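Here are my notes for you, as someone new to this one. Have a look at the model first, then read the points below.

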Protein chains: 2
Amino acid sequence: MPLRTSQNESSELRKLDLFSDMEDAHFETLMRGAYVQNFPPAIELISEGEPSDFLHVVIEGSVELFAGWSTRETTMATVRPVSTFILAATIKDAPYLMSARTLEKSRIVLLPSSDVRAVFDQDQEFARAVVTELAQCYRHVVKHSKNLKLRTSLERLANYLIRCAETSKDPTLFDLPIEKRRLASFLGMTPENLSRAIKALKEYGVVINGQSVGIADDTDLRRLAKPTPLIDDPSH
Amino acid sequence: MPLRTSQNESSELRKLDLFSDMEDAHFETLMRGAYVQNFPPAIELISEGEPSDFLHVVIEGSVELFAGWSTRETTMATVRPVSTFILAATIKDAPYLMSARTLEKSRIVLLPSSDVRAVFDQDQEFARAVVTELAQCYRHVVKHSKNLKLRTSLERLANYLIRCAETSKDPTLFDLPIEKRRLASFLGMTPENLSRAIKALKEYGVVINGQSVGIADDTDLRRLAKPTPLIDDPSH
DNA sequence: GCCTTGATTTGACAATTATCAAGTGAGATG
DNA sequence: CATCTCACTTGATAATTGTCAAATCAAGGC
């Protein structure tokens, strides 16, 4: 059974850039129509092509955005707490372009799309936040496209690892944040190809064992990867 | 020398979805700061990484959006009149992620980014239009990514041609809207590979001579291409 | 601890795509 | 009209990536 959002969850949402600057009354309006739901792993939350009835927010767990065509399927992104997904479809009132499934046990807030659009028209701060978030999303996908079109799979993996290292506590030793098969799909390659790419990176000082990644010295890796904020910096 | 926009050009802009619903006073504000400029072909209007000082609008001609990394370069999109480009960078006040160059003699309107952001905060209709346009752009790039990740180059070409056919006066005979080498780059392949893909499509009833494309019967082509609005319909 | 399940790895091979070099052809220029 | 330029094509070859099948490994349930 879906439940209303608790005080605790509301304040989690309120901290998001998307909701932090809006008026209390408008935030309350959104919360009144919102539901929270717990999902087990591997549940398909939304399917591409369906009408976009809800803006989703991941509170706990993680969600994979993916897309299919013909017999193939590819991972587009992984969404982690606390962030929203499917904002563009909600705003345009257009069908979802991607499907979403839980990767683990997850807690999701559902905000009716019609409420989001209504509040957008009433609250200038919210409108600005929505447009900023959308612009962010847009730039994120542009970078993903550039990554795919301008780099080989080995270069994509190298850059992915460098980014992971930069955001982890210890840049010389950390864990892969997602399963290898999903990483492969995200990077636009097969699991077998990823396996071989991982081996190939030993030449560049990268040691991967299971989920654990060791990069003692990233000099060679960086020479290969040539990272640039115009592709690799998510906040740029 | 850059010139102020003429009455004629202003009314062209006013017809765009982005500007059509906003208040006259706010539109005037935008126009007061606007410049129009004519450019010869092959001029680089903006370079990726630069700060985004202007929102651009193509009035006449055509503009290629492209991106580079290391020694490689790829075409991301072609912009035709009358439409804007680089809206996301303008809104976020972030560096351009793509470069732009004129493909032919072109007439471009430049709107100072700061003006666009200021009017966004004052005009609710404009804000709504911006967000709709941004959502549209976002979905466009998502489709581009799906196209790249889920399809082979032959399938991408097949779908491209089907889309061209659908939007042309005579679906059985039309011209390629862009040069083959740019088409190859846009579709994420080399010119040589495109040349061979074109040959391979003869099997599916497609005859290409120079710029001219003939598709007497698209049954076989569609069986190969499996077009879907979730990738191929730009307005979906 | 044993077994099951599913992810990952490996090897052999095939398909796809890129690279390099040498043509061909069409349009612009003088 | 000849020539130059540049896009496009073609052929040969190499690199990259994908496919299929089998082996290995790791985690969770009993």
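Predicted model: local features only at pLDDT ≥ 70, side-chain atom pairs only at ≥ 80, totals over all residues.

1. Which residue takes a positive phi in the hairpin of E5(A) and E6(A)? That's Ser70(A), with phi near 55°, and the hairpin has two residues between the strands. Strands here are DSSP runs of E with at least two residues, helices are runs of H or I with at least four, and both are numbered from the N terminus.

2. Residues are numbered from 1 along each chain as its sequence is written, while chains are lettered from A and ligands numbered from 1 in the order in which they are written.

3. Strand E5 (residues 63-69) of chain A pairs with E6(A) (residues 72-79) in the antiparallel sense, over seven bridges; pairing takes at least two DSSP bridges. Leu65(A) faces Ala77(A) across that pair. E5(A) also runs antiparallel to E8(A) (residues 99-102), joined by four bridges, with Val63(A) partnering Thr102(A).

4. Five of the seven residues of E5(A) are buried (20 or more other C-beta atoms within 10 Å of their own, C-beta atoms being placed from the backbone), so the strand is largely enclosed by the rest of the structure.

5. Now for DNA strand C: among the 15 residues around it, Lys180(A), Arg181(A), Ser195(A), Met189(B) and Asn193(B) come nearest. Being near means a C-beta atom, placed from the backbone, within 6 Å. H9(A) gives the largest share of this surface, five residues.

Conventions:
Buried ≥ 20, exposed ≤ 12 C-beta atoms within 10 Å, placed from the backbone.
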